[in-house]
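Subject: Two-chain model, handover and findings

Hello,

Here is the structure I promised to pass on. Please open it first, then read my notes below.

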Amino acid sequence: MSAGALPILQVVLPLIAAPLCVLLRRSGLAWAFTTLITWCLLAISILLLIRVMAGGVISYRLGGWAPPFGIEYRLDAVNCFVLLIICVIAAVVAPYMRQSVAREIPAPRHNIFYAVYLLALTGLLGITATGDAFNIYVFMEISSLASYVLIALGPSRQARTAAFQYLIVGTIGATFLLIGIGLLYTMTGTLNLADLSLRIREVSDMRPIYAALAFITIGVLVKLALFPVHIWLPNAYTQAPSAISAFLAASATKVGAYLLLRFIFTLFGVEFSFEQMPLMEILMPLSLIAILVGSIVAIFQNNLKRLFAYSSIGQIGYLALGISFGSTSGLTGAIVHTFNHAMMKGGIFLALGCLVFRAGSVDLSTLHGLGRRMPFTMAALIMGGLGLIGVPLTSGFVSKWYLVQAAIEADLWPVAVLILFGSLLALIYVGRIIEVAFFRPPPADLQAMREAPLQMLIPTWILIASSVYFGIHTDITVSVSERAAEVLLGTPS
Amino acid sequence: MITSLPPFLIFFAGALVVAFAPNRLRPTLTLLVPLFGGWNLWYVAAGSDLTVALFDYRLELVRSDKLSLLFGILFHLATFLISIYAVHIRDRLQQVSSLVYAGGALGAVFAGDLITLFVAWELMAVSSVFLIWARRTPRASSAGLRYLAIQISSGLLLLAGALLHISETGSLAFGPLGVGSLAGVLIFTAFGIKCAFPLVHSWLTDAYPEATPSGMVFLSAFTTKVAVYGLARSFAGTEALIYIGTAMAMFPIFYAVIENDLRRVLAFSLINQVGFMVVGIGIGSELALNGAVSHAFNDVLFKGLLLMAMGAVLHQTGKINGSELGGLYKTMPITTGFCIVGAASISAFPLFSGFVSKSMVMAAAAQEGYWIVWLLLLFASAGVFHHAGIKIPYFAFFAHDSGIRTREPPANMLIAMGLGAALCILIGVYPSLLYGILPWEVHYIPYTADHVLTQLQLLFFSALAFAWLNLAGLYPPELPSVNLDADWLYRRLGLRGARLAERALAKAEQTGARLTEVSSYNFRRVAMQHCGPASVLARTWSTGFAALWIIILLGICLILYYL
């Protein structure tokens with residue numbers, strides 16, 4: 001079945017829309033245009049996923065040049081699923097932005113903000129869609145530069161520092177990725193991923209390939225923010241404008257996870273990465289430490305954005321853990337968790353944006369008794385939190401289920417125990433919020449506080465509700481994830 | 001053709017409706033839920049098995065057999081009674097969470113597989129804690145958090161055990177498991193925590209008395225009974241349970257006697273009654289199992305009745321400490337009467353419900369030749385009579401007049417207590433009503449001269465001792481309970497031993513509490529030091545430091561790859 005120009009439209013549409021957005025000087029117009037574009041992108045990504053699930057891999061040749069010489073966009077179950085995640089988040093966050101951005105960013109910069117948002121989106125979609133290693137680097141730079149700008153637009157002065165740190169650390173990561181890709185190119189003479197994965201087998205016992213693996217994994221881990229190279233993440237998420245925190249938390253790290261999957265499994269292959277190279281021995285301890293450290297640090301945080309940023313570090317640990325098993329159930333768990341965590345964390349950060357909008361702060365001390373004044377916002381926050389704990393009937397449970405199963409299959413008992421222990425830690429930090437918001441008396445001046453506007457609440461609840469929906473109806477997410485895991489492991493059923 | 005709905009679904013749907021119903025309609029709706037549920041149970045009983053697919057497995061959401069139906073009936077009855085008791089309450093939080101909690105309990109007893117059980121298990125934990133938090137005091141909020149942590153741990157153990165069991169055997173079935181494998185031990189521990197086994201019981205006595213008046217009645221009806229059901233389903237005939245159960249029946253007596261908070265006395269008494277059930281399950285003969293589950297049935301009724309009476313006292317006077325109450329019979333005569341019916345039932349007076357079930361467990365112990373266990377249980381029975389049968393009504397309603405003048409509680413509370421009392425007597429007089437729905441056929445006859453005389457002897461001599469001690473002024477609450485019945489049963493055991501035992505127990509508990517405190521303090525200190533806001537892990541590192549880490553990680557990778 002032909003997909004026509006859909007694959008390229010997915011990436012080029014926001015790229016073209018970004019400069020147009022700058023030209024639309026009025027804030028409202030720019031916003032409406034951005035929202036329209038993100039909805040088109042969502043429609044495209046759904047169409048693509050349907051076609052890939054029905055008919056297998058879609059290959060699109062850029063400019064008509066045949067691969068491996070020309071650039072190829074290559075869509076399979078894995079990246080179509082990630083494209084869908086990014087587009088869902090972008091499409092849900094876009095309507096939310098109007099009021100949140102109006103409150104947090106000075107009006108003259110609005111059109112720039114929306115343009116940069118579209119550019120960031122271009123970068124993320126491009127990384128995911130392309131089948132060319134160098135292209136990945138290019139799009140990663142686009143998305144990173146755009147994210148630095150978006151974070152720097154945050155309301156407080158610390159936002160600039162956070163963006164600067166992210167810039168330095170992110171550039172190091174991207175450079176490592178480039179060095180790794182360069183090494184691969186020297187050894188094989190090709191940049192096309194599919195072609196690379198074949199040719200790499202001939203030279204897989206050469207030292208430069210080892211170095212390439214090291215550089216590429218570390219480069220991607222920096223983007224993914226796995227402990228101990230997570231330093232940029234808490235500040236960036238805390239200081240960014242609320243809508244951007246939600247967007248980045250829900251999509252940028254997911255693209256990092258995708259890259260890790262793509263490079264480890266498709267490019268280097270599971271035998272090379274896990275049998276020839278001790279990748280599991282490196283990834284697994286790091287991810288376990290990430291789970292513990294992220295969750296425990298989160299317990300002691302008072303700024304909720306920072307709290308959930310650290311919780312993200314813990315959750316990224318779960319993702320990396322699933323990948324580190326190198327087995328079908330581990331990968332299924334990791335991919336399902338990518339989706340589920342995007343929904344939960346996206347919803348949580350949107351709810352935090354509602355708090356910023358009404359209460360002006362996300363400090364735990366300003367939340368006293370807020371459960372009565374802003375019941376829907378707080379309920380969304382709590383529902384998302386329950387998902388992070390992994391309470392049954394939320395999607396977090398499904399991910400944990402597969403991860404525990406993978407640990408048991410691999411005969412790694414202590415790991416299964418640690419996964420469950422992580423849930424207990426999440427219970428504590430979510431419990432603190434419940435306690436403050438619902439069981440502390442509200443201060444007298446809280447009377448005037450109202451629920452957040454509907455235009456912000458509805459997107460928040462779409463994400464939260466979908467995280468519950470996919471906790472109960474697991475067929476869709478799990479079947480797509482299983483298919484993706486099989487594609488990655490090269491064992492199609 | 002009418003097919004049945006899953007019992008828990010009705011409760012969850014009810015909870016949803018109640019959550020959004022206006023204030024005035026809520027009590028009525030809450031009452032309608034168990035009524036409709038009971039009507040539906042009729043069809044469930046006719047045979048209903050509902051399975052759904054999750055992942056690669058088939059989950060059996062509803063399995064109806066005689067054992068699950070008995071608990072199903074019990075939970076509907078309990079929800080109905082307690083909902084009447086709670087009609088006057090204007091608290092959305094309590095009404096919704098109690099329905100969800102009851103639904104979770106029903107989900108657990110009708111679950112045919114371990115995954116459904118786990119989901120229901122966690123749901124009960126999460127919903128029930130709101131009944132504690134609904135008291136809205138700082139004590140309740142911290143006790144609730146402790147309670148939740150332990151309940152969730154129990155759920156996690158269950159999940160770990162279930163997953164292990166599934167991967168070992170490939171079967172999800174929630175059936176006989178035994179403690180032969182690690183999976184069995186994990187699940188056993190999970191049940192044990194919920195069942196308040198000795199040393200893991202403290203969540204119960206810690207948190208329950210902090211709940212709201214009706215909340216505590218709810219809590220006492222469901223959580224431990226679901227655990228008893230689980231043990232009966234999966235671990236019937238496990239010998240360890242006999243000794244664990246005996247310990248459970250024994251040790252709370254000492255605490256109950258020195259406890260001042262009357263609702264906490266009943267919390268200890270709850271553990272003690274559950275102990276009898278656990279012994280029955282451990283013996284595992286048909287008679288013993290019948291005794292265990294019928295005692296669970298009766299316990300919900302009479303313990304509920306006693307808790308309702310104490311709740312009424314708390315509701316009317318705001319006080320619950322034995323030392324602050326007394327003489328209330330003058331102003332609350334009806335409540336006093338109901339409380340005495342409950343006390344007589346829990347003490348197993350002939351013609352009251354406790355008698356027809358507890359004696360089955362005792363008889364089974366004797367039949368299977370566990371004579372020491374039988375003796376210990378007899379001692380425990382005397383202890384029950386002392387701390388629950390006499391102490392509760394005596395200190396609340398009689399004793400020295402505290403001068404409190406109050407009124408009878410609202411009519412709905414009286415109606416609920418009246419129904420409960422009526423059921424206690426009805427089952428005591430016509431035991432065949434209860435025996436008819438037991439899972440195994442009953443050949444046991446409670447009202448033989450032998451049974452009745454033994455029991456009456458036990459009770460009257462205990463009462464005599466109490467009266468004498470009281471008249472002689474020897475009965476401050478600090479005295480150990482064995483004083484009461486040392487007369488004819490435990491002469492050889494002696495006061496000294498009992499006192500020593502009590503002291504040792506108190507010491508052990510103190511040490512335990514201290515150890516937990518110290519270790520939790522140390523954990524917090526270490527965690528704060530390394531993960532607190534000012535620690536190295538939570539600080540913002542300088543960019544150079546971050547870059548250094550990237551290089552270190554790269555170095556480690558390169559070295560590992562090149563080796």
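Two residues count as being in contact when their C-beta atoms, placed from the backbone, lie within 7 Å. Keep in mind throughout that this is a predicted model.

**Contact between the chains**

On that basis, 41 residues of chain A and 37 residues of chain B make up the contact. On the chain A side, the elements that give two or more residues are α6 (158-188), α8 (207-224), α9 (232-239), α12 (279-299), α17 (395-409) and α18 (413-439).

**Chain A overall**

Chain A has 20 helices and two strands. It is 493 residues long, and 64% of them count as buried. Now take the contacts in chain A with a separation of 6 or more: residues 24 or more positions apart account for 80% of them.

**A helix pair in chain A**

Look at α10 (residues 242-268) and α13 (residues 304-325) of chain A. Their axes come within 11 Å and cross at roughly 20 degrees. Angles under 35 degrees count as roughly parallel, so α10(A) and α13(A) are roughly parallel to each other. The crossing of α10(A) past α13(A) is right-handed.

Which residues make this contact? From α10(A) come Ser245(A), Ala249(A), Thr253(A), Ala257(A), Leu260(A), Leu261(A) and Ile264(A). From α13(A) come Lys305(A), Ser312(A), Ile316(A), Leu319(A) and Ile323(A). By class, the contact of α10(A) with α13(A) has eight nonpolar, three polar and one charged residues.

**Backbone points to check**

Start with the loop between α8 and α9 of chain A. Pro228(A) is found there. The peptide bond from Phe227(A) to Pro228(A) is cis, with omega near 0 degrees. Ala225(A) is found in the loop between α8 and α9 of chain A as well. Ala225(A) is not a glycine, yet it has a positive phi of about 65 degrees. Is Ala225(A) buried or exposed? A residue is buried if 20 or more other C-beta atoms lie within 10 Å of its own. Ala225(A) has 26 within 10 Å, so it is buried.

Chain B has an entry of its own here. Ala196(B) lies in the loop between α7 (182-194) and α8 (202-207) of chain B. Ala196(B) has a positive phi of about 65 degrees, although it is not a glycine. With 26 other C-beta atoms within 10 Å, Ala196(B) is buried.

Best wishes

Terms used: Residues are numbered from 1 along each chain as its sequence is written. Chains are lettered from A and ligands numbered from 1 in the order in which they are written. This is a predicted model: local features need pLDDT of at least 70, side-chain atom pairs count only at pLDDT 80 or more; totals for chains, interfaces and linings use all residues. Helices (H or I, at least four residues) and strands (E, at least two) are DSSP runs, numbered from the N terminus. A residue is buried if 20 or more other C-beta atoms lie within 10 Å of its own, exposed if 12 or fewer, and partly exposed in between; C-beta atoms are placed from the backbone. Axes are lines fitted to C-alpha atoms, for helices over the stretch in contact, and angles run from 0 to 180 degrees between N-to-C directions. Angles under 35 degrees count as roughly parallel, over 145 as roughly antiparallel, 65 to 115 as roughly perpendicular and the rest as oblique. A crossing is left-handed if the near helix is turned anticlockwise from the far one by less than a right angle, and right-handed if clockwise. Ala, Val, Leu, Ile, Met, Phe, Trp, Tyr, Cys and Pro count as nonpolar, Asp, Glu, Lys and Arg as charged, and the others, Gly among them, as polar.
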